[in-house]
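Thanks, everyone. Please have the sequence and the structure open.

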Amino acid sequence: MNNILISLSALAFSASVQAGGPWRASEANTRGWQLMTPEERIEHQARIRSFRTYEECQSYRLAHHEKMEERARQSGRELPRGRRDFCDHLQADKASR
């Protein structure tokens, strides 16, 4: 019985890991994170999750990066370069047009 419970728990855990989950903004994946208020971080994450087209996502992404670069300049800081385009998951939408 114990082995069955352990096996079921392991199966449930691996399924949840494989399924991923909603994208979460963090310091590791959000350009300008350290320059944003907690409220802005929450709003940023919600906005990113709401996009349905690559174009609207890219428009927001570029505006966000410009805003964060301006904040960095004003505070005398340098932003690290982005590693990932958070709009990539919408590329299929762009290709299907």
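Start with Q58: at 15% relative accessibility, Q58 counts as buried. Buried here means under 20% relative accessible area, exposed means over 50%, and partly exposed is in between, with a 1.4 Å probe and protein chains only.

Before going further, the ground rules. This is a predicted model, in which local features need pLDDT of at least 70 and side-chain atom pairs count only at pLDDT 80 or more, while totals for chains, interfaces and linings use all residues. Residues are numbered from 1 along each chain as its sequence is written, and side-chain values use heavy atoms, with hydrogens and water left out.

Back to Q58, which lies in helix α3. Helices are DSSP runs of H or I with at least four residues, strands are runs of E with at least two, and both are numbered from the N terminus. What does Q58 touch, not counting residues up to four places away in sequence? The answer is D85 and C87, where contact means heavy atoms within 4.5 Å. Q58 and C87 are 29 residues apart in sequence, yet their C-alpha atoms are 6.4 Å apart in space.

Now take the other end of that contact. C87 sits in the loop between α3 and α4, the latter being residues 91-95. Its relative accessible area is 0%, so C87 is buried. Leaving out residues up to four places away in sequence, C87 touches Y54, C57, Q58 and R61. T53 is a further reference point: 34 residues from C87 in sequence, and 8.6 Å from C87 in space, C-alpha to C-alpha.

Next, the helix that carries Q58. Helix α3 covers residues 54-74, and at 1.5 Å a residue its 21 residues should span 30 Å; the end C-alpha atoms are 30 Å apart, which agrees. The expected span is 1.5 Å times one less than the number of residues. Which residues of α3 are buried? They are Y54, C57, Q58, Y60, R61, H64, H65, M68 and A72. Seen down the axis, these buried residues fall within an arc of 160°, so they line one face of α3. The arc is that of the directions from the helix axis to the C-beta atoms. As background, an α-helix has 3.6 residues a turn, so residues three or four places apart point the same way. Turned away from the buried side of α3 is a face with the exposed residues E66, R73 and Q74. Just after α3, G76 takes a positive phi of about 70°.

Helix α2 can be treated in the same manner. Residues 38-50 form α2, 13 residues that reach 19 Å from first C-alpha to last, close to the 18 Å expected at 1.5 Å a residue. H44, Q45 and I48 are its buried residues. They cover an arc of only 95° around the axis, which puts them on the same side of α2. On the other side of α2, E39 and I42 are exposed. The cover over the buried residues of α2 includes α3.

On to the nonpolar cores. A nonpolar core is a set of buried Ala, Val, Leu, Ile, Met, Phe, Trp, Tyr and Cys residues joined through side-chain atoms within 4.5 Å. The largest has eight residues: I48, F51, Y54, C57, Y60, F86, C87 and L90. Helix α3 supplies the largest share of this core, three residues. Another core, of five residues, lies apart from it and has L35, M36, M68 and L79 among its members.

How many aromatic pairs does a search of the whole structure find? It finds one. The ring centres of F51 and Y60 are 5.5 Å apart and the planes are at 45°, so the pair is tilted. Rings of Phe, Tyr and Trp (its six-membered ring) pair if their centres lie within 6.5 Å; planes under 30 degrees apart count as stacked, over 60 as edge-to-face and the rest as tilted. F51 and Y60 are both buried.

Last, the totals. The protein chain has four helices and zero strands. Of its 97 residues, 27% count as buried. Among contacts between residues at least 6 apart in sequence, 70% join residues at least 24 apart. That is the end of my slides.
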